[in-house]
Amino acid sequence: MRQGISDLAAFYASPLGQAARDMTVRKVLESWGDCRGLEVLGAGYATPVLAALSDRAARTVAVMPPEQGAEAWPAARRNRAALAAEDALPFPNARFDRILLVHALEESPEPEALLRELTRVLAPAGRLIAVAAARNGPWAPFETSPFGHGRPYSRRQLASRLREAGLEPAGWTRALYVPPVPWLAAWAEGFEQAGSRLWPPVSGLVLMEAVKQTLALQPRPARVAVRRRTFRRGAPVGPQPQPAGRSRAGA
């Protein structure tokens with residue numbers, strides 16, 4: 001049984017929930033930047049993180065399962081959140097450049113169907129980040145937070161789940177090292193810095209990025225400078241289109 005929307009909203013209004021949001025937002029921004037000009041979909045309960053992208057993205061949309069319920073989002077603007085069955089999203093094929101899953105896989109009754117449907121609406125070479133409770137992390141055993149419900153994931157389990165849906169894992173990282181104790185929320189940043197260096201496997205969340213591969217093989221592009229990524233490298237990303245070459249003088 002899924003958690004209700006009121007419980008999720010109450011958690012993210014608390015100091016611990018704000019810490020969880022901040023650590024997740026940091027990792028998403030490090031990987032995707034501000035998503036300027038991109039179409040972004042959040043599935044599950046992703047609105048606390050989507051808020052950090054909504055000002056620069058061309059469009060941000062949130063979709064939530066009926067068993068959970070939905071809330072109006074963003075509150076101060078025209079609503080961009082909707083209820084939809086996980087295996088029948090109301091979007092055309094290849095609509096979104098980026099998809100973010102938060103509180104989605106762990107409690108989904110059909111995670112395979114959910115991921116296949118998200119793959120359908122993801123654009124070719126589009127990217128998806130799945131955020132899940134870490135199986136061996138300190139948050140998974142405690143039902144006092146949303147991360148203590150449903151099925152937690154290890155890195156290998158998450159990669160396998162994504163591959164089954166036709167997505168290729170491209171990198172992964174961890175976040176949320178503060179223990180799920182309310183009075184420790186004020187020191188969340190210190191736990192994050194120390195935990196990522198001293199005990200990396202003991203995180204509350206595992207985040208995995210995957211890419212939607214295209215079937216047609218394309219020439220390998222010339223090497224260009226890219227922004228440094230903090231996601232650890234996983235399986236290689238699929239081929240990308242060849243940039244247009246310079247025209248010869250007089251051509």
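Modeller: Gladly, and keep in mind that this is a predicted model.

Colleague: At what angle do helix H4 and helix H5 pack, and how far apart are their axes?

Modeller: H4, residues 111-121, and H5, residues 155-164, pack at about 60°, and their axes are 9 Å apart.

Colleague: Why are H4 and H5 called oblique to each other?

Modeller: Angles under 35 degrees count as roughly parallel, and 65 to 115 as roughly perpendicular. The angle here is about 60°, so H4 and H5 count as oblique. Their crossing is right-handed.

Colleague: Which residues of H4 and H5 meet?

Modeller: From H4 come Pro 111, Glu 112 and Leu 115, and from H5 come Arg 161, Leu 162 and Glu 164. By class, this contact of H4 with H5 has 3 nonpolar, no polar and 3 charged residues.

Colleague: What makes H2 and H6 oblique to each other?

Modeller: The axes of H2 (residues 15-32) and H6 (residues 188-198) cross at roughly 45° and come within 10 Å. Roughly parallel would need an angle under 35 degrees, and roughly perpendicular begins at 65. With roughly 45°, the pair H2 and H6 is therefore oblique. H2 passes H6 in a right-handed crossing.

Colleague: Which residues meet between H2 and H6?

Modeller: Ala 19, Met 23 and Arg 26 in H2 touch Ala 188, Glu 189, Glu 192 and Gln 193 in H6. Sorted by class, the residues of this contact are 3 nonpolar, 1 polar and 3 charged.

Colleague: How do you know that the buried residues of H1 line one face of the helix?

Modeller: The buried residues of H1 (residues 5-12) are Ile 5, Leu 8, Phe 11 and Tyr 12. Looking down the axis of H1, these buried residues fall within an arc of 130°, so they line one face.

Colleague: What covers the buried residues of H1?

Modeller: The cover includes H2, helix H3 (47-50), strand S2 (59-64) and strand S4 (96-102).

Colleague: Why is Pro 90 called exposed?

Modeller: Exposed means over 50% relative accessible area. Pro 90 has 55% relative accessibility, so it counts as exposed. Pro 90 is in the loop between strand S3 (81-83) and S4.

Colleague: How far is the C-alpha atom of Pro 90 from that of Val 63?

Modeller: These two C-alpha atoms are separated by 9.3 Å, while Pro 90 and Val 63 are 27 residues apart along the chain.

Key
Residues are numbered from 1 along each chain as its sequence is written. This is a predicted model: local features need pLDDT of at least 70, side-chain atom pairs count only at pLDDT 80 or more; totals for chains, interfaces and linings use all residues. Side-chain values use heavy atoms; hydrogens and water are left out. Axes are lines fitted to C-alpha atoms, for helices over the stretch in contact, and angles run from 0 to 180 degrees between N-to-C directions. Helices (H or I, at least four residues) and strands (E, at least two) are DSSP runs, numbered from the N terminus. Angles under 35 degrees count as roughly parallel, over 145 as roughly antiparallel, 65 to 115 as roughly perpendicular and the rest as oblique. A crossing is left-handed if the near helix is turned anticlockwise from the far one by less than a right angle, and right-handed if clockwise. Contact means heavy atoms within 4.5 Å. Ala, Val, Leu, Ile, Met, Phe, Trp, Tyr, Cys and Pro count as nonpolar, Asp, Glu, Lys and Arg as charged, and the others, Gly among them, as polar. Buried means under 20% relative accessible area, exposed over 50%, partly exposed in between (1.4 Å probe, protein chains only). The arc is that of the directions from the helix axis to the C-beta atoms.
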